[in-house]
Amino acid sequence: MTTPHNAAKPGEIAKTVLMPGDPLRAKYIAETYLEQPKEFNAVRNMFGYTGTYKGKEVSVMGSGMGMPSIGIYSYELFHFYDVDAIIRIGSAGAYHEKLKVFDLVLADSAWSESTYALVQSGAKGDICYPSAQLNQVIETTAQDCGIALHKGCIHSSDVFYHEEYVDGYREFLAKHGCICVEMESYALFHNADVLHKKAACLLTISDSFVTSEETTAQQRQTSFHTMMQVALESAIRL
């Protein structure tokens, strides 16, 4: 079936989906890494593609920015299209001095001030967790590829711009143990838990709140390939 946000027909989406925030990045991934990619969705320009990587079918689809957006798309993939696993692939800002630009982070939990889980299913609590099984696959894959991974709690924020008088990165690190920030994983992990599916979040550090260091567009492109190697090699092991 199709949904109001996804024009894919049954069978057009693989069991494992890689999910960047930017739909144009999804298009880039499909055209760069997948063999014979076929577009399955362009509704609202939220592009989705299915192709093969080393002979195994893999899909990639944008999620948009923020929890309401990834909440819609991930729920539909899990519930209506019977997707088994979603690996979010994105960028993050470092809260901890140990994280440098280009480093890869695998979320072992996501803390959020969001009410997404409460509103969606009545769930209480401000931490959501990824699939332990899927995280183990990603860790093992990274080790096999000789790629270093940091693990830790990430901040899934509802807000990109904070006023100066509210908590900032130092408080989020001290109070909640968050080592970096992004804006989607809490909702993704919650949906996977509610629907008994698997989800993980793999991030590239693109900037640092501690040092104010930022990557250029060209540098982000280079680091993106490392993240994609880990994500794709993990996807074909599922």
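**Briefing: aromatic contacts, a buried tyrosine and a hairpin**

Phe-209 is partly exposed, with a relative accessible area of 39% (buried means under 20%, exposed over 50% and partly exposed in between, using a 1.4 Å probe and protein chains only). This is a predicted model, so local features need pLDDT of at least 70 and side-chain atom pairs count only at pLDDT 80 or more, while totals for chains, interfaces and linings use all residues. Residues are numbered from 1 along each chain as its sequence is written, and side-chain values use heavy atoms, with hydrogens and water left out.

**Aromatic pairs**

- Rings of Phe, Tyr and Trp (its six-membered ring) pair if their centres lie within 6.5 Å; planes under 30 degrees apart count as stacked, over 60 as edge-to-face and the rest as tilted. By this rule there are seven aromatic pairs.
- One of them joins Trp-111 and Phe-172, a tilted pair with ring centres 5.8 Å apart and planes at 45 degrees.
- Trp-111 belongs to strand 6 (residues 104-111) and Phe-172 to helix 5 (residues 169-176), so this pair links distant parts of the chain, 61 residues apart (helices, H or I of at least four residues, and strands, E of at least two, are DSSP runs numbered from the N terminus).
- Both Trp-111 and Phe-172 are buried.
- Tyr-169 and Phe-209 also make a tilted pair, with centres 5.8 Å apart and planes at 35 degrees.
- Because Tyr-169 lies in helix 5 and Phe-209 in the loop between strand 10 (198-208) and helix 7 (217-235), the pair ties together parts that are 40 residues apart in sequence.
- Tyr-169 counts as buried, at 15% relative accessibility.
- Tyr-95, Trp-111, Tyr-169, Phe-172 and Phe-209 form one aromatic cluster.

**A charge over a ring**

- The charged end of Arg-25 sits over the ring of Phe-224, 4.3 Å from its centre (the rule asks for NZ of Lys or CZ of Arg within 6 Å of the ring centre and within 35 degrees of the ring normal).

**Tyr-186**

- Helix 6 (residues 185-194) holds Tyr-186, which counts as buried at 1% relative accessibility.
- Leaving aside residues up to four places away in sequence, Tyr-186 touches residues including Met-67, Tyr-116, Asp-126, Cys-128 and Ser-156 (contact means heavy atoms within 4.5 Å).

- Strand 2 (residues 35-41) and strand 3 (residues 48-53) pair in the antiparallel sense over four bridges (pairing requires at least two bridges found by DSSP).
- Glu-35 stands opposite Thr-52 in strand 3.
- Six residues lie between the two strands of this hairpin, and Arg-44 in the turn has a positive phi of about 55 degrees.
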